[in-house]
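Open the model in your viewer and get ready to select residues. We will go stop by stop.

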Amino acid sequence: MMKKWMAACLAVCIAMVFCLPAAGAEGSILRPLAEAAEKLLLDTSNVTIRGSAVFTLEGERFKTAEILYKQDANNSHWQLDLKTPRENLPDRETGYTIIGNEINVYVMERYYPGTYSMTYTYPSNTVLRRSTGAELMFAMAEAMAEETEKELGKDALTAEASGGVRVQLTRETTPETLNTFLNLAAEFALRRFMDVDYDRLSDMGRGAFDDYDTVTQALLYTTDRFVAGNTDFTVSRDEQGRLSALKGEAEAIVSSGDGKERSVKVAFDFTMGEYGSTEVKTFDAAEYHVVQRKAGEQPAQAPEADPETAENFSRIAREALTLAGYDNEALPETTTTLESGLIRVSFREKDSGYNAVSVLLHGDGGVLTLTDHREEWFNTEPREPSLQEIPAETAEKLAKFVRMVSPERADECVYFIPDLEFVVNGIRYMSVTAETAEYVENGVVFVIRTEPEFRIVSYDCTSPY
């Protein structure tokens with residue numbers, strides 16, 4: 001969903017400049033900027049755009065993006081690096097690099113390291129491909145600009161000494177015509193860059209905001225409309241009058257079918273330069289150390305850790321499993337892999353290569369999750385627990401386990417409350433949630449085997465407090 005989010009963000013931000021007084025009275029401070037924006041998007045065949053953006057929902061970051069875009073005649077280079085926050089884990093890093101040479105397009109994705117795929121497209125020698133829709137957006141901006149200028153408050157626009165303009169808006173000072181245009185511009189950008197066509201989406205198929213897996217999906221598919229909130233950004237030009245920077249923060253107050261309004265903010269910093277000197281080379285797989293991916297090929301496995309790292313973390317994982325009730329001598333051989341800044345130790349059966357048990361650890365050695373894939377407690381319907389509280393001896397084992405493998409969570413694990421019970425082939429399991437001294441769940445969850453003998457078969461401390 002985020003594949004071309006930054007392009008959409010850039011387009012909407014520049015559209016905001018456009019729908020201001022691009023065609024206003026002579027001497028309008030924004031007219032030269034509007035002309036420069038149109039030239040950048042539709043008439044520039046050689047330029048480099050760099051930028052970053054931080055997206056937040058109600059003050060909580062949900063995506064960070066960095067881009068590098070180069071246009072060199074019918075050749076282009078588009079790189080997007082994304083970071084998505086995870087609870088109690090390092091950011092998940094995704095993204096891609098796309099090289100366009102005339103009609104040939106080469107795509108390298110983080111999900112498939114060391115490989116590339118190839119496709120074809122119509123060549124374009126500008127940042128934004130011309131189309132009826134694109135030109136209509138610019139025509140609408142110019143047609144409504146003069147009236148919009150009249151409606152703006154006197155403090156909304158400030159001419160900078162460098163020839164740029166600072167734009168400051170609030171929800172109260174934003175004209176309704178501007179909000180209407182921004183919604184149309186956003187719809188155009190999302191349709192063009194992300195294949196989201198609101199005209200084809202049915203209200204019947206939309207879920208509630210909290211039903212979606214990611215914030216991005218929820219915003220895309222539940223937003224009915226948005227209005228500009230507190231917005232403060234500066235648009236700058238170089239000595240030749242070309243756009244050189246776009247920096248600041250924009251807020252959108254989005255409304256959804258549930259009747260709630262939510263604040264989405266984007267803090268962005270773009271630079272435009274290297275006009276006429278940008279170079280995009282012909283794609284060379286050897287330069288990027290990639291090979292062509294076969295159709296249907298699955299993502300590459302996570303890289304294995306070096307021998308020293310593997311030995312250290314395998315030892316820590318074995319110690320954790322011993323505390324969990326496992327016989328260290330009976331555990332299979334291990335494979336240690338690196339996964340987005342974390343280390344996973346997998347115990348695989350010799351004959352089948354089946355992943356029997358896995359332990360996910362922080363770089364400092366703390367255990368995040370433990371999973372025994374052989375235990376089938378999840379393959380049966382849960383029932384109410386037969387115990388109102390677990391035995392003191394079992395509670396002490398759980399407390400000791402947390403103290404040893406996740407010491408930073410130990411002080412918050414005062415009580416251990418049985419939630420659900422599972423019985424599979426005569427083996428009894430129980431889901432247990434840790435709680436604080438105030439009886440508040442803190443996100444530490446166990447599944448323990450209570451019969452025929454005690455064993456921690458699942459442990460997870462990655463949930464938020």
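Start at T115: its bridge partner in strand 13 is V291. Strands here are DSSP runs of E, at least two residues long, and helices are runs of H or I, at least four long, numbered from the N terminus. Select strand 6 and strand 13 (residues 291-292): they run parallel, joined by two bridges. Two strands count as paired if DSSP finds at least two bridges between them.

A word on the source: this is a predicted model, where local features need pLDDT of at least 70, side-chain atom pairs count only at pLDDT 80 or more, and totals for chains, interfaces and linings use all residues. Residues are numbered from 1 along each chain as its sequence is written, and side-chain values use heavy atoms, leaving out hydrogens and water.

Four bridges pair strand 5 with strand 6 (residues 115-120) in the antiparallel sense. Find N104, opposite Y120 in strand 6. In this hairpin, five residues lie between the strands, and G114 has a positive phi near 80 degrees.

Zoom in on strand 20 (residues 441-451) and strand 21 (residues 455-460), an antiparallel pair with five bridges. Select F446; its bridge partner in strand 21 is Y459.
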